[in-house]
Every structure is written in C-alpha cells, then in structure tokens.
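Colleague: Please take me through this one; I would like to begin with the salt bridges.

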Amino acid sequence: MNDTQRPDPDALLAQVQQDEADAQRGRLKIFFGANAGVGKTYAMLSAARAALAQGTDVLIGVVETHGRAETQALLDPLDAPPNGHRPEAASVEAQPSASDSPTSRLPILPPRQVPYRDKALPEFDLDTALARRPALILMDELAHSNVPGSRHPKRWQDVEELLDAGIDVWTTMNVQHLDSLNDVVGGITGIRVWETVPDKVFDEADEVVLVDVSPDDLLQRLKEGKVYLPQQAQHAARNFFRKGNLIALRELALRRTADRVDDDMLQYRKQSAVQPVWGVRESLLACVGPGEHGDKTVRATARLAARLDVPWHAVHVETPALLRLPDAARHRALRSLKLAQDLGATTATLAAQDEAEALVRYARQHNLLRVVTGRHDGRDGPTWTRILRPWRRPLAERIGALGPDLDVLDIALSAAPARAPALATTEASEPINWRGYAIATVLCLLTALLSTVLLMDVFEPANIVMLFLLTVVVVAMRHGRGPAVLASCLAVGAFDFLFVHPRFSFAVGDFQYLLTLAVMLIVGLLIGQMTAGLTYQAKVAQRREDRMRSLYEMSRDLSGALMAEQVAEIAARFLKAEFGARSALLVAGDDALNATGSERLGEPIASSPAPELDAAIAQWSYTKAEAAGHGTDTLTASPTLYLPLAAPMRLRGVLAVQPEDSTRLAVPEQRRLLDTCASLLAISLERIHYIEVARASTVQMESERLRNSLLAAVSHDLRTPLASVQGLAESLLHTRPPLPEPAAGTAVALHEAALRINALVTNLLDMARLQAGAVQLDRQWQPLEEVVGGAIKAARPALGDRPVQAHLPGDLPFVLIDAVLIERVLANLLENAAKYTPAHTAIEIGAGAEAEHITLWVDDHGPGLPKGREEALFNKFERGQKESATPGVGLGLAICRAIVAAHGGTIQGQNREGGGARFVVRIPRGQPPALEAPAEVPLDDALTHAATDQTAAS
C-alpha cells in the first residue's frame with residue numbers, strides 16, 4: 001500500500017474515539033418533509049408500531065395529530081382496525097405494566113403542566129422520560145418552542161439531552177424549520193417561520209427519512225380535510241398551500257436531503273478508504289497555478305458549475321519548484337484562489353512534491369468527478385525548460401494516467417505576450433537557481449581536491465565515491481533538485497577523470513568502471529531527489545507545527561485571561577508573530593447603545609503601534625455580523641480587516657487586523673487561521689463575561705443572605721424595647737390628672753413614632769420570613785368585598801381624609817386566598833398611593849373577574865411612576881425618589897410582590913394615560929366549591945318558628 005492509499009493514523013484514532021462516543025449516545029432519526037400534511041407523523045408512528053411489535057421499548061413523548069383521523073388511528077392498539085376509533089375512556093400509562101402485550105397501544109408519556117400567564121400549558125416531561133429510560137422515544141415537531149419556565153427553550157435541546165442519556169429518538173421536522181433555509185422559505189412563501197432548528201442537529205442525525213408527496217396529491221388531501229379542518233384548509237389554500245410554493249419547498253427538501261446523503265457517502269468513503277471516484281453527483285475541481293491565465297481557468301469552471309448547478313472546488317498545489325518562484329507569480333495564484341472563493345468555490349492550498357498526485361488524491365478524498373486544467377500551446381515558459389525536460393508530460397495527461405476514474409477537462413488558454421512570457425497556468429516553470437548551481441560546482445571541485453589528497457594516503461578509490469555522494473546530499477538539502485542533479489553529474493565526471501584508469505582522461509580502461517559510474521550517477525540522482533523532497537516536506541511540516549504551536553499557546557494563554565485587556569494583548573502577540581500585523585480589539589458593551597438602538601462598541605484596545613481604525617466600519621461589521629474592510633467585498637479601500645467576534649451566545653466585539661504584507665491574508669489557509677483566532681477570542685470574551693456575571697450573582701446572593709439574617713436578628717431584638725416604648729407612650733396619654741398641653745403633644749408624637757417604627761420592624765420581619773419561605777398560607781375561599789373593606793380600614797390612618805372610591809362588581813366570585821396577607825397587600829398599595837400623591841386627591845380601588853384570574857387594582861392621581869423603573873420599584877429598599885422627605889425604606893412593594901408570588905399570581909406597576917399610577921394584582925381564579933342549597937322547611941313549621949321568635953322577642 002503506497003502513501004496515497006495508507007489511512008491517516010490520526011484520522012483512524014479520531015474515528016475510533018468518535019465511534020466509542022457514539023456507542024454511548026442514542027441514535028437520532030428524523031422524518032423530514034417539505035411541509036405540513038405530507039405524512040411525517042404518520043410514517044413515524046407506523047415505524048414505531050412495527051418496532052413495538054418486535055419487542056422494542058417504545059414511548060411516545062410528544063405526538064401532535066392535529067385532529068387527523070388517519071394519524072389518530074395509529075395510536076390505537078396494534079390489533080385494532082386501521083381506521084378504528086380510539087376509545088376515549090381508555091387511559092394510557094407512561095410506564096407499561098408487565099402485562100402489556102405486543103398488541104397493546106403505544107405507551108404515551110403524560111405531559112407536565114407548566115404555569116404560564118395564569119394558565120397551565122401541557123409540555124413534555126423531560127425528567128420523567130429520563131427516569132423511565134425507554135429504548136426509543138418519539139418527539140414530534142422538533143422545532144417546537146417550549147413554554148417559558150421549561151428547562152430548555154427549544155424541543156431540539158430536550159432531544160439532545162435524551163440522546164446524551166443513551167435514548168434513541170425519532171422526530172419530525174419540515175424544511176422551512178432549518179435555520180439556513182428559513183429566510184429562503186420566507187422569501188418564497190412570504191411567511192416567516194420563527195421556530196427553527198440549527199443545521200448542525202440535522203447534519204449530525206444518524207438517519208434522515210424523506211417523506212415526500214407530490215403537490216397535486218397534497219392539495220387533494222387538503223381539499224378532503226385530511227390536513228386541516230375545513231376553515232383552516234381554505235385559509236391555507238389561499239396562502240401557504242399554493243402549488244408554486246409546494247413545488248419550491250419540495251425541491252428544497254429534496255436538495256437538502258441529497259446534500260445530507262452526499263455527506264454520508266463522503267464519510268463512508270473516508271472511513272472505508274475507498275479510492276475510485278463514484279460518479280453519483282456532478283462536481284468540478286479547478287487546478288489553479290501561478291500563471292497569468294489562472295483567472296480564466298477559475299471563471300470557466302465557475303460558469304460550467306453554474307450551468308450544471310453543481311458544487312466545485314479550486315485547489316493550488318505548492319511544490320518545491322513553486323516555492324522558489326518570484327513573489328509576483330505566487331501572488332497571482334493567491335488572487336486566483338480568492339476569485340474562486342468569491343465565486344462560490346471551496347478553496348484549498350496543498351503542499352506536495354508532484355501536483356498531479358496531490359490533485360488526484362484531493363479529488364478522490366472529496367469525490368470530485370471532473371478535473372479542470374488549463375491547456376496552453378507549448379510556447380509558454382523558458383526555452384531551456386522544454387529542452388531539459390522534454391519527457392515531462394502535460395498536467396492533464398499525468399492526472400489521467402494517475403486517476404483513470406477521473407474526467408479531465410482542458411480549458412484553452414491564449415498564448416502569453418511575446419514581451420512577457422507567462423508561466424504555465426497549471427505547471428510552474430522553475431527559474432534557474434544560479435547561486436545553487438555555482439555552489440554545487442564549487443563543492444564538487446573541493447571534494448575532488450580533497451579526494452585526491454586522501455587517495456594518496458588514506459582511502460581506496462572505491463571509498464572516494466562516498467565523499468561525492470555526501471556532496472550530492474549536502475547540495476540537495478541546501479539548494480534543491482537542479483543543483484543536486486548538476487552535482488551528481490560533476491561528481492561522476494570528476495571521479496572518472498581523477499580516479500579511473502587511465503587517469504586524467506574521460507576514457508574508461510576497465511569495463512567494470514562503467515557500471516560503477518552508472519550506479520554512482522543513479523544513486524546520486526536518487527539521493528538528491530529524495531533529499532530535496534524530504535527537505536521540502538520537513539519545511540512544510542515545520543511551518544504547520546509552528547502554526548499549531550502558536551495557536552495552542554494562544555488558546556492556553558486565553559484560558560487564563562480574566563480581563564479584556566489581557567485578551568487583546570494575547571491576540572496582538574499572536575497576530576504579530578503569525579501575520580506580522582497590528583491589531584486592536586473592540587469589545588461590545590453590555591448596556592451601551594448607539595443612536596439606532598443597537599449595541600455600541602467600546603473603546604479599542606490596540607497594540608503598539610496601533611492599526612488604522614475606522615469606528616464606522618467596525619460598528620457596521622458588528623451590527624451586520626459580517627467581515628468588512630481589507631480583503632472583503634465591503635469597503636475594500638480600508639487597509640484594516642474587521643472581523644466580528646461571534647461567540648456561541650452572541651457577538652462579543654470586533655477584531656481589527658492591519659497586516660504589513662496585504663497578500664498574507666489572501667492565502668485561504670491563513671484566512672482560516674485568522675478566523676480560528678477570532679473564534680477563540682470571542683469564546684474567551686464570553687467566558688470572561690459570564691465569570692463577571694457569576695461573580696456579581698454570588699456577591700448579590702451573599703449580600704441578600706447576610707442582609708436577611710441581619711434584618712431578622714435586629715428586628716427580633718427591637719420588638720421588645722419598641723413594645724415598651726409604645727406602652728409607655730400610651731400610659732402617658734392616659735395618666736390622671738392629664739398631662740399639660742406641651743407634654744401631651746410630646747406623648748402623642750412619641751406614640752406615633754413608636755407605631756411607625758413598629759410597622760417598619762414588622763415589615764422587616766415579614767420580608768425576612770417571606771424570603772426564607774417560612775410563611776404558610778392559610779388559604780380559604782373568601783369574598784373580595786370583605787378583603788377590600790378590611791384593607792381600607794387598615795390603611796385609614798395613612799389615608800387621612802383622602803376619599804377612597806371602591807369599584808366592586810356585584811358578581812365577583814369567591815377567591816382562594818390568605819385573606820390576612822392579601823389585605824396586607826392592598827393596604828400597602830393604598831398607603832403607597834397616599835405617600836406619593838397630593839393631599840385630598842382621590843384613590844380608587846377595584847376588582848374584576850377574568851377567565852383565568854381575578855384582577856385587583858389601585859389607582860391614584862399623583863405624578864406616576866418613574867419612567868423606566870416600573871419593575872425596579874418592587875426590589876427591596878428601592879424607592880421612587882432617592883432623596884425624599886416621604887417616610888419609608890422601600891419594603892412595601894417588595895412585600896406585596898412576595899405575597900402575591902406565594903399565591904401564584906403577579907403584580908405590576910404602570911402609568912395611567914390620564915396621569916397617575918396603577919398597580920395591578922392578578923391571582924389565579926380557581927373553581928369555587930358548589931354551595932349547598934338550604935334545606936326546605938314546611939310552611940306550617942316556618943309559621944310556628946316565626947311566631948315563637950316573635951313571642952321571644954316580645
């Protein structure tokens with residue numbers, strides 16, 4: 001097995017490790033369709049019934065039948081008729097009992113109820129499914145968004161957790177839910193679907209089953225009511241379910257499935273080391289050389305790929321000869337690669353000794369059927385090249401000989417101008433290395449002189465050959481193949497002239513020396529060629545190793561960075577070493593907004609010297625999440641390249657890079673290295689951000705815990721002296737004889753102050769108990785009229801002479817509450833309104849019944865709530881005015897929210913349109929118990945009791 005057929009050991013090791021990881025992970029199977037109604041759920045349930053009949057432990061996690069009778073019938077027992085009716089009285093348990101037989105129905109996992117906006121919505125129970133651990137679970141509608149409050153926001157994330165637990169999952173999805181095709185489908189249908197699934201989930205699925213129905217059949221199913229209800233079907237037929245839309249969506253689904261199958265095929269070829277190209281799909285490979293006609297080859301391949309609508313690649317092979325080309329020739333090849341990348345090609349730069357072998361190997365690795373090369377008329381290139389290498393065949397012929405399974409297309413290239421002979425587009429003409437040839441000549445002469453001296457005193461002629469071969473090796477290592485060939489020829493000639501009889505003549509007296517000279521020449525040529533090739537490969541490997549070591553060192557340093565300035569310094573050091581570039585890091589602020597309302601970038605953290613920065617271009621790159629500046633299609637005149645730093649959660653800033661040599665970023669590998677650097681920087685900035693968030697959260701939690709403990713301790717210690725002060729003040733007011741007028745006023749003020757402090761201490765204790773969860777609700781069905789009346793009475797001292805208007809409908813239902821605590825909430829709201837509104841203004845309180853909850857509200861006619869701080873007012877120790885003579889410490893609204901939350905309700909504040917503030921409390925309504933009718937009393941008995949009562953009253 002030669003080198004081109006031998007598998008890569010690192011790839012084999014990675015594959016073994018991946019197989020071990022996959023063995024511990026569940027398998028994902030996706031039933032994929034163009035749109036709703038094609039039968040994805042039906043196909044999934046049919047396959048699940050077959051798996052259940054074979055003894056597989058199947059569990060339905062989520063299935064949406066949408067009222068379709070055919071799909072609903074598949075949930076019936078396996079031995080039921082295909083269109084049989086599912087009994088409504090039959091219950092389905094989450095865990096089948098031991099008596100379940102293969103003919104039982106598919107077991108369904110009961111959903112859990114998630115509270116949302118005063119409702120309880122059914123949602124998938126992930127924890128129960130993980131505890132149940134079935135062999136296979138069905139999860140319909142992969143793109144579904146979970147109810148807020150669930151563990152994961154998306155259903156596909158639930159599926160990922162199930163797969164990590166080793167549970168196989170079958171699911172369904174439509175093509176419009178793919179993230180990369182969402183905007184395309186929106187442009188076709190005019191309807192944007194907001195529930196999407198990342199393409200990575202689809203690509204990493206173990207199996208994708210395409211469920212396909214022709215547009216005519218689907219429209220017929222829609223008319224028959226098998227897709228939607230009649231009213232919904234009419235609306236769908238006028239909008240989404242138009243025949244043109246269905247055809248386009250079907251093509252997208254087929255193409256996306258074909259791409260998926262193509263990836264599977266490439267993966268199989270890679271794992272099985274398949275060499276011949278399989279012509280299952282049209283594909284093109286453009287060979288890009290350093291000649292002046294490389295752009296023509298690229299454009300011709302791009303036109304052909306567009307005409308055939310097939311993917312294509314563009315590859316440039318760097319051989320040892322190309323490395324010694326002038327910089328202008330190498331830059332032409334890089335420009336051609338950049339043009340191919342702009343035209344939609346997948347580009348690559350390969351390092352090899354022979355460009356034909358490298359191209360054939362690349363085509364087989366990527367299963368590219370057709371190779372496109374440039375054909376010139378033979379007059380290109382220096383004349384000496386054609387004379388010294390007449391045996392060298394054109395590149396197309398060599399590719400055809402090495403890859404008989406490949407189709408080779410020659411693009412006709414025009415001849416180069418006579419004044420400036422062009423290099424071949426696909427083959428490089430090696431320039432003459434005069435310095436290497438001169439050094440080879442001098443070394444051979446010195447070796448000959450040294451050998452003459454050694455021959456007389458030390459060595460035999462046969463051993464002198466080793467010295468000449470050593471000279472050939474040294475020349476090949478330092479100066480390449482051409483000087484090594486010259487050194488081999490000179491070494492043979494010098495040995496013949498100096499050491500073969502007759503000496504000092506090129507004649508050969510002994511026929512055996514002819515064999516010696518021939519072997520010496522062949523060995524010298526082979527050693528020179530192999531040494532030059534190994535030297536070139538060593539240089540390439542060293543370059544890659546240096547690049548990977550620099551990237552590793554940067555990632556290692558980034559893992560220990562704790563500030564954005566450290567990240568910028570590490571990035572500047574790496575970019576300076578690898579690209580010779582100046583750089584700057586612009587980090588996005590968490591709360592800084594520009595004039596358009598989007599996030600504004602912070603001040604640049606630049607290297608020394610700093611690059612030329614344009615804040616407008618950097619902001620555009622961040623806002624649009626696209627690269628801009630040098631080397632891109634946007635604002636190309638800028639000497640600086642701006643790369644957005646995209647982290648897993650969001651954009652974290654922009655990296656600005658200004659290279660000293662602009663051509664270094666034109667190499668695709670260098671640009672990919674720069675993109676990798678940007679990704680590492682983004683991840684590091686996101687890690688630093690979340691470290692700061694975690695630190696702030698920890699400090700806040702500890703502060704809250706300490707404050708609650710301190711408040712509880714202080715409040716308990718204050719209650720006894722406060723009770724004593726309050727009692728003494730009351731005793732002073734009731735002394736006999738009464739106190740003089742000034743002393744009586746002082747006693748009254750002392751009593752009122754004691755009451756206020758006592759209320760404050762009570763609030764502190766209540767807040768501490770609510771935070772600790774020590775309050776037990778005494779819920780009973782209560783009428784709201786009594787609660788509102790009690791709250792007004794409790795708040796009367798704070799209200800003074802303010803009028804309170806109550807708006808209570810006569811049909812208010814009973815509500816299940818802790819009357820004492822809800823009365824406390826309303827009293828706090830009334831006192832809060834009295835504090836922050838002008839004197840003698842009215843305060844309104846009312847209630848109303850809605851479908852799912854009871855609403856209580858308190859309105860005032862004051863200045864209203866501070867704009868933008870409506871939610872912040874419910875925090876502890878938060879006041880509407882920071883500096884105010886109004887008494888209070890900002891605990892009333894915090895206590896209200898804690899009490900309402902304990903009842904499962906919500907409270908919010910808002911400004912009224914006519915002025916003033918409104919606080920709205922929503923409490924779940926519930927279902928009051930039925931009241932028993934009073935027992936019927938006979939008329940005679942009623943009259944007797946009435947007479948008895950009248951007599952007793954007299």
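**Salt bridges and core**

Modeller: Arg 255 and Glu 251 sit four residues apart in helix H10 (residues 243-272), so about one helical turn separates them. Helices here are DSSP runs of H or I with at least four residues, and strands are runs of E with at least two, both numbered from the N terminus. The model is predicted: local features need pLDDT of at least 70 and side-chain atom pairs pLDDT 80 or more, while totals for chains, interfaces and linings use all residues. Residues are numbered from 1 along each chain as its sequence is written, and side-chain values use heavy atoms, leaving out hydrogens and water.

Colleague: What do the side chains of Arg 255 and Glu 251 form?

Modeller: They form a salt bridge, at 3.0 Å from N to O. The term requires a side-chain nitrogen of Lys or Arg within 4 Å of a carboxyl oxygen of Asp or Glu.

Colleague: Is Arg 255 buried, exposed or partly exposed?

Modeller: Arg 255 is partly exposed, with a relative accessible area of 40%, and Glu 251 is also partly exposed, at 41%. Buried means under 20% relative accessible area, exposed over 50%, and partly exposed in between (1.4 Å probe, protein chains only).

Colleague: How many salt bridges are there by this rule?

Modeller: The count comes to 23. One of them joins Arg 25 and Glu 160, whose closest N and O atoms are 2.9 Å apart. Arg 25 lies in the loop between helix H1 (9-24) and strand E1 (28-33), and Glu 160 in helix H5 (residues 155-164), so the pair ties together parts 135 residues apart in sequence.

Colleague: And what about Glu 686?

Modeller: Glu 686 pairs with Arg 652 in a salt bridge, with 3.3 Å between the closest N and O atoms. Glu 686 belongs to helix H23 (residues 668-733) and Arg 652 to strand E18 (residues 651-659), so this pair links distant parts of the chain, 34 residues apart. Glu 686 is buried, at 8% relative accessible area, and Arg 652 is buried at 5%.

Colleague: Changing topic: which residues touch the most other members of the largest nonpolar core?

Modeller: Leu 829, Leu 856 and Val 921 do, within a core of 40 residues. Such a core is a set of buried Ala, Val, Leu, Ile, Met, Phe, Trp, Tyr and Cys residues joined through side-chain atoms within 4.5 Å.

Colleague: Which helix gives the largest share of this core?

Modeller: H27 does, with ten residues.

Colleague: Which residues of H28 are buried?

Modeller: They are Leu 893, Ala 894, Ile 895, Cys 896, Ile 899 and Val 900. After H28 comes Gly 904, with a positive phi near 80°.
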